[in-house]
Amino acid sequence: MQLQQILIPLGAAVLVVAGYQGAGWAGVALAVGALVFWLLLHFTRLMHILKRAADSPMGYVGSAVMLQAKLKPKMTLMHVIAMTRSLGQQLSAPEAQPEQYRWTDPSDATVTCDFVGGKLMRWEFRRPGGAADASLTTRPGLPPAP
């Protein structure tokens, strides 16, 4: 279980309890209102990202070289979709771990990303010739490409 799955609800509960102790039921209303506002901000951002991605071809990115240069371990899938402004072409079976997605640019260079639990664990950049560029796919602390 991820730490985030425990800390966010725990933090929300602490905020509501602190609101009650500080200002009674008005404090609870303020704390719940702040939590709903925070949730709505995240929901709006998610919908905005997905709307932009829906308007683009699936698996397309303007420059695969620039995409792979911006990728960092532990990025979320939603962050990568926001950067590419496109949903990736899913290569793995649905519900399989790791999830594999590929983005291709106009020169047919590709970036294939592996996500475990929604977090980027490994990626591979390939030029149109077919050979992977080893200097671009090897990252410290990440397992080697299969």
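Strand β1 (residues 89-90) and β2 pair in the antiparallel sense, over 2 bridges. Two strands are said to pair if DSSP finds at least two bridges between them. Helices (H or I, at least four residues) and strands (E, at least two) are DSSP runs, numbered from the N terminus. Keep in mind that this is a predicted model: local features need pLDDT of at least 70, side-chain atom pairs count only at pLDDT 80 or more, and totals for chains, interfaces and linings use all residues. Residues are numbered from 1 along each chain as its sequence is written, and side-chain values use heavy atoms, with hydrogens and water left out.

| Pair | Sense | Bridges |
|---|---|---|
| β1 (residues 89-90) and β2 | antiparallel | 2 bridges |
| β2 and β3 (residues 110-116) | antiparallel | 6 bridges |

As for who sits across from whom, glutamine 89 has arginine 102 of β2 as its bridge partner, while glutamate 99 stands opposite phenylalanine 115 in β3. The hairpin of β2 and β3 has 5 residues between the strands, and aspartate 108 takes a positive phi near 70° there. Strand β2 (residues 99-104) shows a covered face of Glu99, Tyr101 and Trp103, and an uncovered one of Gln100, Arg102 and Thr104.

Now for threonine 112, which lies in strand β3. Is threonine 112 buried or exposed? Threonine 112 counts as buried because its relative accessibility is 7%; buried means under 20% relative accessible area, exposed over 50%, and partly exposed in between (1.4 Å probe, protein chains only). Its side chain makes a polar contact with the side chain of arginine 102, at 3.3 Å. (A polar contact is a pair of N or O atoms within 3.5 Å; within protein, one must be able to donate a hydrogen and the other to accept it, and residues adjacent in sequence count only if both atoms are side-chain atoms.) Setting aside neighbours within four places in sequence, threonine 112 is in contact (heavy atoms within 4.5 Å) with residues including Leu91, Tyr101 and Trp123.

Zooming out, the protein has 5 helices and 4 strands, and along the sequence they follow the pattern α-α-α-α-β-β-β-β-α. Of its 146 residues, 27% count as buried. Among contacts between residues at least 6 apart in sequence, 43% join residues at least 24 apart.
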